[in-house]
Amino acid sequence: MRSSHEVVAVVTRPDAPRGRSKRPTPSDVAAFASEQGLPVLTPAHPRDEAVNALARLSPDACPVVAYGALIPQRVLDIPRFGWINLHFSLLPRWRGAAPVQRAIMAGDAQTGATTFRLVRELDAGPVFDQVTLPLTGIDTSGEVLDALAASGADLLLSTLDRLPDLEPVAQPERGVTLAPKVEAADVRLDWTAPAVMLDRLIRGAKPAPIAWTTLDGERLKVLLARPAKADGLAPGELRVEKRRVLAGTGDGTLELLTVQAPGKKAMAAPDWSRGLRDVTPRLI
């Protein structure tokens with residue numbers, strides 16, 4: 001993607017411990033910026049020298065994507081046109097850390113991306129522009145995020161190109177929903193829930209943190225599933241057929257497509273089911 005804008009510096013999070021060695025390692029953004037010969041600023045605190053360096057650069061605008069830290073007002077005031085945030089939802093719906101995951105889990109018909117001026121309140125700033133993306137009912141969060149990364153980048157660049165003449169519009173007060181981070185505890189499968197809701201939860205949790213259940217006291221990850229036509233299964237009850245593995249729910253049946261047992265690689269559920277001879281076929 002070509003742009004006429006000059007990048008004077010890149011701001012990202014400080015180096016963080018990674019891997020078994022726990023050595024401080026630059027973020028992927030910092031590593032890429034360094035490869036391009038760009039100055040990298042990694043403020044850990046608003047009084048850091050890195051913040052003063054940003055002020056001395058006097059940027060016209062600061063585009064920001066998934067920074068993940070509170071930006072204080074004195075830093076928000078540095079660029080002439082403010083901090084232009086790219087958020088993967090149709091604001092004011094799904095403010096927060098996991099908008100795509102929450103949209104899929106809620107069964108939304110569409111999602112999208114929004115550019116808005118950053119303010120201190122969470123994702124509440126005035127909106128510059130939006131793009132929409134239909135949700136098909138079979139999307140995973142990873143697939144939607146990949147699609148929005150492309151269309152969102154175009155949207156952000158378009159917003160920056162039009163900044164001098166583009167006036168943001170305040171978000172409506174009605175229609176606000178929150179999208180907190182999705183934790184592992186949030187995606188444990190409750191087999192008394194309807195199959196449709198479990199399918200949404202599984203797709204929303206992929207590629208992370210991955211939905212899970214337990215079988216004979218061990219955690220089983222469920223990476224993909226889909227509602228299926230079958231009768232006579234109680235919630236959590238498994239039925240292994242020649243070409244499919246079925247699980248009963250509170251309303252309907254779920255076909256398990258891809259699962260991952262402890263210490264194993266992800267595999268097709270029928271392949272995994274061949275090792276079920278000595279276990280009680282009940283998911284909890």
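Start with Arg226. Arg226 is partly exposed, because its relative accessible area is 44%; buried means under 20%, exposed over 50%, and partly exposed in between, using a 1.4 Å probe and protein chains only. Before going on, note that this is a predicted model, where local features need pLDDT of at least 70, side-chain atom pairs count only at pLDDT 80 or more, and totals for chains, interfaces and linings use all residues. Residues are numbered from 1 along each chain as its sequence is written, and side-chain values use heavy atoms, with hydrogens and water left out.

**Stop 1: the partner of Arg226**

Arg226 and Glu255 form a salt bridge, with the closest N and O atoms 3.1 Å apart. A salt bridge here is a side-chain nitrogen of Lys or Arg within 4 Å of a carboxyl oxygen of Asp or Glu. The pair links distant parts of the chain: Arg226 sits in strand β10 and Glu255 in strand β13, 29 residues apart. Helices (H or I, at least four residues) and strands (E, at least two) are DSSP runs, numbered from the N terminus. Is Glu255 buried or exposed? Glu255 counts as buried, because its relative accessibility is 8%.

**Stop 2**

Now show β10 (218-228) and β13 (253-260). They run antiparallel, joined by seven bridges. Two strands pair if DSSP finds at least two bridges between them. Pick Leu224: Thr258 in β13 stands opposite.

Leu215 has Glu218 in β10 as its bridge partner. The two strands form a hairpin with two residues between them. Click on Asp216 in the turn: its phi is positive, about 50 degrees.

Thr214 is buried, because its relative accessible area is 15%. Leaving aside neighbours within four places in sequence, its contacts include Arg188, Arg282 and Ile284. Contact means heavy atoms within 4.5 Å.

**Stop 3: the cores**

Select Leu238, Leu256 and Trp272. They have the most contacts inside the largest nonpolar core, which has 29 residues. Such a core is a set of buried Ala, Val, Leu, Ile, Met, Phe, Trp, Tyr and Cys residues joined through side-chain atoms within 4.5 Å. Which element supplies the largest share of this core? That is α6, with four residues. Not counting residues up to four places away in sequence, Trp272 touches Leu215, Leu220 and Val245, among others.

**Stop 4**

The whole structure has twelve salt bridges. Select Asp60 and Arg80, one of the pairs, with closest N and O atoms 3.4 Å apart. Asp60 is in the loop between α2 (49-57) and β5 (62-65), while Arg80 is in the loop between α3 (73-76) and β6 (83-87). Arg80 counts as exposed, because its relative accessibility is 61%.

Then pick Asp129 and Arg162. Their side chains meet in a salt bridge at 2.7 Å, N to O. Asp129 lies in strand β8 and Arg162 in the loop between α5 and α6, so the pair ties together parts 33 residues apart in sequence.

Finish with Arg239, Glu241 and Arg244, which are linked in a network of salt bridges.
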